[in-house]
Amino acid sequence: MSQPPPKKRRPATALIAFARALSMEEPVDHGEVDDLVDSVSLAPAERIALVSALHQVNHDELALVISDLLGRRIARLRERESGLRDLDEVVGIWTQRLSAGALLAAAGATIAGAVTGDAAIAALSVPTIGGLAVALGRLRLRRGQAKLFREREETEHLLRSTLEALKSR
């Protein structure tokens with residue numbers, strides 16, 4: 001008679017198992033732990049399952065280990081947010097200057113009569129279209145920033161809930 005396949009763990013219970021291993025100083029794959037922390041932080045059902053499991057577990061150190069793991073995730077998200085913010089500032093300033101300079105140069109050449117006809121239309125529209133493309137790219141960057149901000153906020157809320165579970169004992 002064959003045995004049934006092993007039941008797959010929820011990410012929240014797998015995270016608790018990894019936290020238990022970490023608390024006992026057993027070697028673990030930190031990349032896998034980080035992936036679990038990410039998946040638990042992103043799924044509302046997993047966040048609820050984690051806090052519920054922490055209320056039931058009789059090992060206070062697990063909540064501290066999980067709090068540390070969540071804190072590391074928050075630090076990673078803040079670092080990525082900061083990088084995107086810096087990139088947005090640099091790209092924004094230089095593209096505005098470049099587009100404005102190109103548009104002024106094209107307008108000046110057109111007004112002076114150095115460029116006429118279709119070349120004048122192209123000279124005026126290329127910087128405008130380029131500036132629009134960069135603005136759309138920056139909008140995409142800002143959406144990425146907003147997503148990271150929401151993820152960080154959710155993880156911070158989960159961290160607070162984890163600490164509350166620890167205090168409620």
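Helices (H or I, at least four residues) and strands (E, at least two) are DSSP runs, numbered from the N terminus; Val90, for instance, is found in helix H4. The model is predicted, so that local features need pLDDT of at least 70 and side-chain atom pairs count only at pLDDT 80 or more, while totals for chains, interfaces and linings use all residues. Residues are numbered from 1 along each chain as its sequence is written, and side-chain values use heavy atoms, with hydrogens and water left out.

**Exercise 1.** Determine which residues of H1 are buried and what covers them.

Solution. Buried means under 20% relative accessible area, exposed over 50%, and partly exposed in between (1.4 Å probe, protein chains only). By this criterion Ala12, Ala14, Leu15, Ile16, Phe18, Ala19, Ala21 and Ser23 are buried in H1. Their cover includes helix H2 (30-42), helix H3 (44-56) and helix H4 (60-112).

**Exercise 2.** List the contacts of Ile16, leaving aside neighbours within four places in sequence.

Solution. Contact means heavy atoms within 4.5 Å. With that cut-off, Ile16 is in contact with Leu50, Ala53, Leu54, Leu62 and Ile66.

**Exercise 3.** Decide whether Arg47 is buried or exposed, and find what Arg47 touches.

Solution. Arg47 lies in helix H3. Because its relative accessible area is 15%, Arg47 counts as buried. Not counting residues up to four places away in sequence, Arg47 touches Val40, Ser41, Leu42, Glu154 and Leu158.
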